[in-house]
Amino acid sequence: MKKDMFQGAKIISTGSSIPYAKVSNEQISSVVETSDEWIFTRTGIKERRLLTQYGQSIVELASEASIKAIEQISMDPKNIDLLILATSSPNDLFGSASKIQYVIGATNALAFDLTAACSGFVVSLVTAFQFIRNGSYKNILIIGADVLSKWVDWSDRSTCILFGDAAGAVILQSCDVSFNSILNFHLKTDGKYANYLSIAYKENFDPHPVLKLYQGSFQYISMNGKEVYKFAVSQVPLSILTCLHQANLSIKDVDWLLLHQANERILMAVADKLSISSDKIISNLGQYGNTSAASIPLALHEAVQVHRIVANDIVVIAGFGAGLTWGSVVLRW
Ligand code: ACO
């Protein structure tokens, strides 16, 4: 570990990856009793991408997003010191980060998974920032990736309409503290409501005949949509206000509001509570649905690519979801 203290951190590159298969609301309507009109008016979603190729997993999507971010700045992957994979849908419960580390050739990087559902990218960004701030690492690859299509009950119309698969990646690099772009963060968890959103592990009724221990398997996603909605709309604005206030900033300073892409109505309600004009909201829900940990880095990558987000913009990102866990980060781009 290096001895330099209090380094700044900057996002120097972004990348993303989406599966090839595009599935519209009309197609979903042939699977469960629903309609394009119901889905669009309740969620803002028109279509989503689903990982349909046999044998493919989060590893391919996350690796592709990472390679794009690395190639964009012609970085040697061997210079990456740490790789954090934010996901709730690894293809191995021991973690998928190490497989990605191998695929992309980041042979000098420590790699681990971080599970915080739809807040995973925000929590990972803050985690990475700590390693940079204390001088431990210089270059960190942060990936948000989920393939919740593998964990959705495709006969449950209350959840299957919402989710899509994707990956997004950013490279966070240390810099002089005067150029630091992570101005503040605010993170919270309330485990009392963990059952509002879960992919629960369920034990079999009968124990092992000799050892008398119980084994089981993971279930499909279950969600209390109304409670999740109320939680997001009440807690996310508070988190953002706290975060801005502590950074001596106000709503007027915000150029872009980039929330976890869960539901267009949540995005609008949060912006409304904060009195932020809707043209400052970044949204790509219509095309991708809720891509969980991938949604923020995917939308960030797109907004940067088309020069919507430009140097010195104040960008507020906020994640919320299972846990329940939520939080915000204020960035100066
Ligand atoms: N198509 C047609 N009808 C449906 C569908 C569907 N896909 N799903 C539910 N309905 C029906 C219900 O059966 C119910 O019918 P009933 O009145 O006859 O009982 C009616 O529509 C209303 O159902 P609600 O669940 O009350 O619908 P609501 O208006 O709350 O909208 C939604 C549901 C869109 C899920 C909303 O609650 C929501 O957005 N919640 C937030 C969920 C969310 O964002 N989750 C992810 C965030 S966290 C994370 O990203 C992991």
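Analyst: Between the two domains, 48 residues of domain 1 touch 41 residues of domain 2. Touching here means contact, with heavy atoms within 4.5 Å. This is a predicted model: local features need pLDDT of at least 70, side-chain atom pairs count only at pLDDT 80 or more, and totals for chains, interfaces and linings use all residues. Residues are numbered from 1 along each chain as its sequence is written, and side-chain values use heavy atoms, with hydrogens and water left out.

User: How do you know where domain 1 and domain 2 lie in the protein chain?

Analyst: The bounds come from an automatic or database domain assignment. That assignment gives 3–179 for domain 1 and 182–332 for domain 2. Their C-alpha centres lie 14 Å apart.

User: What area do domain 1 and domain 2 bury between them?

Analyst: About 3700 Å², with 70% of it on carbon and sulfur atoms. Buried area is the accessible area (1.4 Å probe) that two parts lose on being put together, so the value is summed over both. In domain 1, Cys 118, Val 122 and Trp 151 lose the most area to domain 2, together 17% of what that side buries.

User: What polar links cross between domain 1 and domain 2?

Analyst: There are 16 residue pairs in polar contact, both residues at pLDDT 80 or more. A polar contact is a pair of N or O atoms within 3.5 Å; within protein, one must be able to donate a hydrogen and the other to accept it, and residues adjacent in sequence count only if both atoms are side-chain atoms. For salt bridges across this interface, the rule finds zero.

User: Why is the pair of Asp 36 and Lys 46 called a salt bridge?

Analyst: The rule asks for a side-chain nitrogen of Lys or Arg within 4 Å of a carboxyl oxygen of Asp or Glu. The closest N and O atoms of Asp 36 and Lys 46 are 2.9 Å apart, so the pair qualifies. Asp 36 sits in helix 2, and Lys 46 in the loop between helix 2 and strand 3, 10 residues apart. Helices (H or I, at least four residues) and strands (E, at least two) are DSSP runs, numbered from the N terminus. The whole structure has four salt bridges.
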